Amino acid sequence: MGIKLEVNGRTIEAGKGETILSALNRHGMHVPTICSMKDLSPSGACRMCVVEVEGHDKLVPACSFPIEESMKILSHSPRVLRARKTNVELLLSNHPDDCLYCERNGSCELQSLSEDLNIRERRIPGKRSPYKIDKSGPAIVRDPAKCILCGRCVRICEEIMSTSAFDFAHRGNELRISTTFEKSLNYSSCTSCGQCLIACPTGALIEHVQFPELEESIHAPDKVVVAQLSPALTISVAEQLGFKPGTDLKGLIIAVLRRYGFDFVFESSFGGDLMIVEQAEVFEERRKEGRDYPLITSSCPAWIHFIEQYYPELLPELSPLKSPHQLTGTLIREWLPGQLDRGKKEIVSVVITSCTAAKTEARRVEMTQDGVPVVDMVLTTRELVRMIKLSGLDLEQLEPELPDAPFYSSGSAGKLTGVAGGEVEATLRSLYHKATGKEISPSKLHRFRIHKSFREMTVMAGKREIRMGSVSGLANAVALLEEIKSGKRKLDLLEVMACPDGCINGGGQAIPVDERVNRTRSKAIYDLDNASSIHSAHGCPSLQRFYHDFLGEPGGKLSRDLLYTVYTKREVML
Amino acid sequence: MQSEKEFLLRLAQLDATELTSEEQGRKDLLKRSTVTRALVMVNSSTSGMVAGAGQSMEAIKQYVADRSLDIELAETGSIGLSSEEPVVSVQLPGRTRIFFRRVSADKVSSILDDLFHQVVPGQGVIGQLRHEGQEAWADVPFLDEIPFFALQKRIVMGACGIIDPFSFGEYVANGGYSAFLKTIRSFTFNEVCELVEESGLRGRSGGGFPTGLKWKAAFKTPSDQKYLVCNAEESDPGAFMDRNLMEGNPFQLLEGISIAAYAIGSNRAYIYIRSEYRDAIRRIDNAIKELRAIGLLGDNILDSGYNLQISLRKGPGAFVCGEETALIASLEGRRGMPSSKPPYPSSSGYLGRPTVVNNVETLSNLPVIVRKGPKWFRGIGSEKCPGTKIFSVSGRVAMAGLVEVPMGCTFDTIVNDILGGAQKGRELKALHVGGPLGCMVPVELMNVPVSYENLKEKGLVMGSGGILVMDDKTCVVNTVRYFMEYVDKQSCGKCIPCREGTRRMAEILGSITRKPEDEEDHTSLERFKGVMQLESLAEVMKDTSLCGLGQNAPNPVMSTLKYFRNEYEEHIFKRKCPSNSCTELRSWFIDVDMCTGCSICAKRCPSEAIIGTARHPYFIVQEKCIGCGICYEVCKFSAVYYK
Amino acid sequence: MENHASRIEDILRRFPQIKRNALIPLLQAMQDEFGYISEEAVASIGSHLSLPTSKVYGLATFYNQFTFSPRGMYHVVLCNGTSCHMGGAGELLNEITKLLEIIDGETTRDGMFSLEVQSCIGACGQSPVMAVNGTYYSGIGVKEVRDIIKQYREDAE
């Protein structure tokens with residue numbers, strides 16, 4: 001602090017090197033932005049945050065202009081407001097008049113800007129750029145006609161996810177966001193992580209909405225419709241449904257889904273527990289072999305897509321297991337028909353998750369049995385909220401219900417997988433038990449719960465040293481993998497989550513209103529873990545029973561047949 | 001006998017008085033003050049080649065071969081008379097050099113025949129150069145007597161079209177590279193900055209920022225590497241002065257770049273030149289090679305301890321890359337999108353290092369400023385704007401070309417006195433100065449002394465110096481629409497006001513200059529509202545755009561609305577183009593005497609506006625006519641005309 | 001096009017330094033060699049410079065120099081600079097469009113002609129200016145354009 005400047009006639013203090021925008025925001029003065037992104041360098045492209053500064057004859061972008069001593073700023077003068085309003089009117093003049101039919105109706109930033117700036121007439125008529133919708137991929141739908149060219153998706157895909165599936169192409173009013181040679185998205189290097197959907201201010205990027213297809217099956221007498229809920233999902237919908245942020249609504253969601261028409265509602269965290277136990281077996285085998293590189297987790301479908309494309313040489317280090325929801329899905333398809341005396345094809349298996357990459361994953365050839373996908377449909381958190389609203393049920397009047405046996409988790413280990421670092425923490429509990437026969441006190445690992453994109457910790461399990469690491473955000477993963485490949489960093493177990501902060505920030509989540517949302521969600525998961533009485537996956541009675549009744553031994557023949565899969569090198573077509 | 005290389009280096013460093021008589025003789029030959037055999041110089045730069053200089057050169061070679069003559073055929077640049085190309089000059093031993101205009105291939109024989117018989121050809125003579133000791137041609141004006149040359153002050157452009165741009169020797173013999181050698185031998189980096197600041201040189205690309213100050217900012221920023229970039233991305237339509245300087249006198253530019261690089265403490269310079277300027281690239285490439293061979297580029301130049309490397313980078317083509325931050329982005333291998341300033345390139349530019357971007361004309365001024373001193377430079381032009389400016393003038397003017405005048409000269413002098421004013425039978429209406437980002441200057445303001453400040457006072461800009469001359473038969477609104485459509489295509493698209501604003505403004509201007517298919521939707525009121533919107537959009541664009549392109553794109557519209565509002569009103573309310581050049585606002589009629597009733601026009605009319613019965617004269621319904629002119633094109637009997 | 005790949009390799013070898021600022025010169029070399037930028041060129045440049053192909057494509061589409069479909073046997077360049085526009089470039093363009101049935105950036109179906117409209121070649125004293133495969137024609141009108149195109153057609157046959 002220490003630099004004094006004048007804003008709208010009042011003196012405020014700001015720090016050296018601060019931008020006008022950050023100084024204004026800190027003092028409660030809100031200036032609209034479109035292209036500005038937290039933690040990334042300012043672009044100054046959209047010109048929405050322009051302000052008047054004495055001594056400059058043109059308006060100045062607050063996001064990139066540094067403050068100076070005795071600066072005199074007007075942030076909401078008539079000249080500034082007119083500029084902002086004209087900017088938005090210009091955007092609207094090239095935008096489809098489709099609000100009522102748009103997926104983002106009610107959550108669109110262009111709508112809010114138009115509202116805030118009191119735009120009440122179609123002042124600027126003109127031709128609209130003609131573009132076609134790209135519905136090629138199973139997960140993400142692109143509608144360039146609604147794109148306002150803010151560039152957030154490009155920056156996230158490039159700077160946070162190191163993928164660059166698309167970039168700006170052409171120039172001037174031909175400017176558009178495009179994949180290479182304008183091919184469809186499934187042709188490009190896109191991993192379906194969905195971070196672009198979260199970043200997009202309008203309806204230009206949305207997920208492939210599939211729940212209307214459920215209509216046919218959900219009330220058909222010859223179909224058994226089952227759902228599995230992911231751990232990150234249940235603590236992420238509170239705000240959308242009128243509850244306090246962070247409240248775990250699992251019980252109420254289960255109640256709604258049963259009334260909606262689902263015959264069974266399971267939990268993906270069962271698959272999470274399962275994966276942890278099987279992963280511990282794999283870890284042991286590798287330890288006996290003596291490997292230079294860590295065991296890398298395989299629970300994140302977008303990460304799998306990425307490693308197959310860009311790090312095929314590290315595939316031998318990858319855990320051979322499917323992701324938790326695919327594990328649960330496989331067992332549903334294997335075990336449930338026998339129990340109900342129905343055919344395998346009569347089960348309609350639905351995963352409800354915060355992940356968009358799971359939609360693409362469900363279409364992988366490796367995730368089919370006899371040509372039929374193990375999981376029929378993947379729905380996102382946003383789709384679930386729509387379904388709940390469609391059902392007309394008032395959640396406050398329902399009683400929470402329990403998930404169906406046997407695919408539920410009575411412990412908290414599987415739930416931890418929803419947050420970055422959680423899978424490793426939970427796996428370590430089982431590794432410790434394998435090494436020493438005792439349970440580690442969970443609080444000993446709480447040091448691992450720092451809010452950083454890369455965390456590491458060395459734990460002594462008896463005489464064994466286990467170096468654990470967790471990285472989220474694919475660009476961070478790339479940096480770390482290069483260190484590992486060059487030998488600069490040594491780890492025994494590494495968790496990679498494509499989405500920064502893990503599944504709680506998945507591509508399918510509700511569009512965050514502010515940056516504190518992720519912290520609320522991770523805290524909610526940690527709270528669930530702290531409050532639980534069963535902290536380990538191997539100690540989970542629900543899982544132990546299933547091994548006893550059906551699967552046999554962890555790492556046994558049935559596990560290998562059903563739960564293991566093959567990951568192979570994938571060529572990027574362009 | 002010294003080697004060529006040693007001789008040239010000696011020549012660059014010594015005064016004339018210190019030369020031996022043998023050396024003086026060699027120098028005279030290099031300078032072509034005398035020639036031992038006939039010299040024919042052809043302007044083989046782009047302006048010449050486009051007019052057919054290539055064929056002329058072939059014709060000359062053929063002529064010489066047929067007669068087994070021993071002459072020297074050399075290439076040169078343009079003297080600036082672009083509409084009179086191809087220009088060919090001939091210097092016989094003992095005689096002055098004489099210049100000819102429009103020497104197409106078929107004229108070569110007769111001109112050379114006459115000259116080799118010591119006879120002045122009857123037609124096409126421009127003038128002769130003054131050479132001491134050489135016999136002048138009778139009844140031929142000296143170049144410095146002709147208004148075109150007499151009223152100019154060609155301190156930068158003087159050698160273009162006179163010297164051979166491929167000959168380093170000729171450049172040195174004319175005083176070249178003495179400035180650079182003086183710089184690295186006698187001045188510190190800072191002293192050069194001070195010298196240039198004292199001279200008052202300002203950036204010639206349009207901004208008019210004091211060059212010395214820009215250099216100082218870069219010089220003062222500590223860094224392990226600094227860069228000097230020459231902005232030769234001259235995509236401004238109608239501007240070709242930089243091209244001419246590069247094709248006509250590339251060594252001068254390179255000397256200027258060397259001086260500038262030294263001043264900011266840089267040993268790495270780039271020339272960013274648009275790839276379409278193939279000929280300029282060829283000449284500069286050659287010049288760089290020669291400089292390397294002689295040791296004036298490279299490590300430890302002439303034992304001074306100073307290293308310098310100059311590289312060419314071909315710009316892949318984008319008008320916006322003339323903006324310095326966009327240019328730097330392009331050099332870095334990125335899309336040429338400008339970025340916000342601050343940070344300025346002089347503190348963080350190419351690869352994050354201090355970078356100075358200077359225009360070709362600015363850099364070409366440096367050798368003469370260092371050679372003759374800042375005080376001399378200050379004696380030319382005006383107090384706030386010393387020096388000269390090169391203007392490229394084209395359009396409806398008697399002679400199109402390049403003109404270098406002292407700052408403070410008026411447009412009146414440039415267009416009327418130097419270039420002959422309007423074309424025959426027409427009257428000047430306005431000048432559009434500065435290209436698509438420039439302003440329309442009405443005839444009444446043509447006597448404003450040209451300087452950055454004077455023009456700004458009147459709400460006008462100089463731009464890079466392109467002047468488009470408009471007469472009573474050119475439509476102001478149509479020209480402005482052309483410029484807006486150009487900017488629309490060239491906008492990088494990064495910021496909202498420019499990307500969307502230019503598109504909408506182009507559409508509004510289009511609606512004014514065209515007839516819509518359905519008159520009902522486009523009443524005068526709608527068009528008038530469109531013009532109101534032009535003004536408000538223009539103000540927001542000026543205020544809010546990220547870079548100079550968007551900020552200046554509204555200039556043509558704003559200046560024409562100020563000075564030519566009546567033309568807009570005629571287009572909007574009377575649906576007429578006063579100069580009759582908006583083809584789609586023309587009123588088409590059928591001459592009943594010429595029309596045979598063949599009905600082809602009626603069949604081809606896209607709006608079914610022509611009616612009639614076969615073998616009787618047809619009739620155009622004005623209300624339905626959209627003015628496309630197809631009927632005029634298909635009529636075999638010339639029965640269709642417009643008013 | 002068996003040697004298409006090897007010609008690409010030859011060009012890549014001329015740029016051993018893996019740096020971002022080699023991208024434009026590399027693309028220019030490809031454009032000069034083949035007359036257009038192909039998918040293979042983009043993919044190979046991407047892997048050579050370790051750049052995502054979307055960035056290579058995004059950059060190539062920004063600039064005028066790079067085209068994505070092969071040029072015709074005769075490449076027609078028409079200047080649409082200010083002076084040439086005043087001199088009637090618009091009418092010349094209409095005529096060429098009528099004769100060849102292509103617009104700016106396109107190639108005729110028989111591969112004989114392609115059209116590029118440039119915004120100012122810099123020879124404003126000679127407007128309007130047209131070039132075919134580097135041969136210039138200046139100060140021409142609609143009739144001359146017809147004759148010129150006709151001549152090239154006949155030469156080809």
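Tutor: Start with Pro342(B), which sits in the loop between helix H14 (324-331) and strand E9 (355-359) of chain B. Helices (H or I, at least four residues) and strands (E, at least two) are DSSP runs, numbered from the N terminus. This is a predicted model, in which local features need pLDDT of at least 70, side-chain atom pairs count only at pLDDT 80 or more, and totals for chains, interfaces and linings use all residues. Residues are numbered from 1 along each chain as written, chains are lettered from A and ligands numbered from 1 in the order written, and side-chain values use heavy atoms, without hydrogens and water.

Student: What is the omega of the peptide bond from Lys341(B) to Pro342(B)?

Tutor: Omega is near 5°, and the bond is cis. In chain A, the peptide bond from Ala405(A) to Pro406(A) is also cis, with omega near -5°. Pro406(A) belongs to the loop between helix H13 (381-391) and helix H14 (413-416) of chain A.

Student: Why is H12(B) called oblique to H13(B)?

Tutor: Helix H12 (residues 250-264) and helix H13 (residues 278-294) of chain B pack at about 60°, with axes 9 Å apart. That angle makes H12(B) oblique to H13(B), because angles under 35 degrees count as roughly parallel, over 145 as roughly antiparallel, 65 to 115 as roughly perpendicular and the rest as oblique. The axes are lines fitted to C-alpha atoms, for helices over the stretch in contact, and angles run from 0 to 180 degrees between N-to-C directions.

Student: Which residues make the contact?

Tutor: From H12(B) they are Pro250(B), Phe251(B), Leu253(B) and Leu254(B), and from H13(B) Arg283(B), Ile284(B), Ala287(B), Ile288(B), Glu290(B) and Leu291(B). Contact means heavy atoms within 4.5 Å.

Student: How many residues of chain B are in contact with chain C, and how much area is buried there?

Tutor: 49 residues of chain B are in contact with 32 residues of chain C. About 3200 Å² is buried, 55% of it from carbon and sulfur atoms. Buried area is the accessible area (1.4 Å probe) that two parts lose on being put together, summed over both. On the chain B side, Val50(B), Pro316(B) and Tyr482(B) lose the most area to chain C, together 22% of what that side buries.
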